[in-house]
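Dear colleague,

Please find the structure below, handed over for your review.

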Amino acid sequence: MSAFARLAAPPRAVFFDLDGTLADTAADLAAPVNAMRLERGLEPLPLPALRPYASMGARGLIGRGLGVPKEDPSFEALRADFLRRYEAAMVVHTRLFDGMPEVLDALERAGVAWGVVSNKVERYVRPIMAELGVLARAATAIGGDTTPFAKPHPEPLLHAARLANVAPADCVYVGDDLRDVEAGRAAGMLTIAVAYGYCGEGEPPGAWGADALIGHPAELPALLRLGR
């Protein structure tokens, strides 16, 4: 029996990864890479070719879109160019995933605190959440540079629990990457892997060892015992 099958009441706090979990940001993350490809005389890549790399940020997208790994001497200049372009147009196509507004409403009705813990830098996390209309409602808007550590280190999630004034054992972390599950487990939280996210090209989400796996945000309210 899974940990979630044994839940008799909602958790006290639920935290979400941003890219690929709370919001579909892939199109806006792919745009800078394709603009950089066009400048180099290369055809733009279709979104499905870049989407699996969106949760990896500049490292993954530059690696896939331009064939330049992080270790290459030219990577840092490409990364700076990518981030400049992205910061100028972060919320053009970005939207909450279908069903996520209803999930947030259900959490709030149940008195469950919720927030974001992302590896994207905080100066991007907060304006994106603001543009999506959810920043003022969230207990946390944590980026990869908010604490001295980024996921899969547990500190960003432990910091979120402290901000929400909730014990980690009473929290759930929801994410679309193996490092999300690793961070949540290390923090002592229940974890949910989302198969609708970007998920990378490694092992499938079902192999990450999360406490639960969902294919759509609409599955969350019942899983979390919201409304009971």
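How many salt bridges does a search of the whole structure find? The search finds twelve; please bear in mind that this is a predicted model.

Several of these involve helix α4 (residues 75-88). There, D81 forms a salt bridge with R84 (2.7 Å, N to O), and D81 also pairs with R85, with the closest N and O atoms 2.9 Å apart. R84 lies three residues from D81 in the helix, so about one helical turn separates the two; R85 lies four residues from D81, again about one helical turn. D81 is buried at 16% relative accessibility, and R85 is buried too, whereas R84 is exposed at 54%.

A further salt bridge joins the side chains of K151 and D180 (2.8 Å, N to O). Because K151 sits in the loop between β5 (141-142) and α7 (155-164) and D180 in helix α8 (residues 178-186), this pair ties together parts 29 residues apart in sequence. K151 is buried, with a relative accessible area of 5%, as is D180, at 2%. Returning to D81, salt bridges with shared partners link E39, D81, R84 and R85 in one network.

D19, in the loop between β1 (13-16) and β2 (23-24), is likewise buried, at 7% relative accessibility. Its side chain makes a polar contact with that of T25 (2.5 Å), and the residues D19 touches also include S55, K120 and Y198.

Finally, the largest nonpolar core has 58 residues, of which F16, F82, L107, I192 and L224 touch the most other members. A second, separate core of 14 residues includes F15 and L157.

With kind regards

How values were computed: Residues numbered from 1 in each chain as written. Predicted model: local features only at pLDDT ≥ 70, side-chain atom pairs only at ≥ 80, totals over all residues. Heavy atoms only, no water. Core = buried A, V, L, I, M, F, W, Y, C linked by side-chain atoms within 4.5 Å. Buried < 20%, exposed > 50% of the residue type's maximum accessible area, 1.4 Å probe, protein only. Polar contact = N/O pair within 3.5 Å; in protein donor to acceptor, adjacent residues only side chain to side chain. Contact = heavy atoms within 4.5 Å. Salt bridge = Lys/Arg side-chain N within 4 Å of Asp/Glu carboxyl O. Lists of a residue's contacts leave out its neighbours within four places in sequence.
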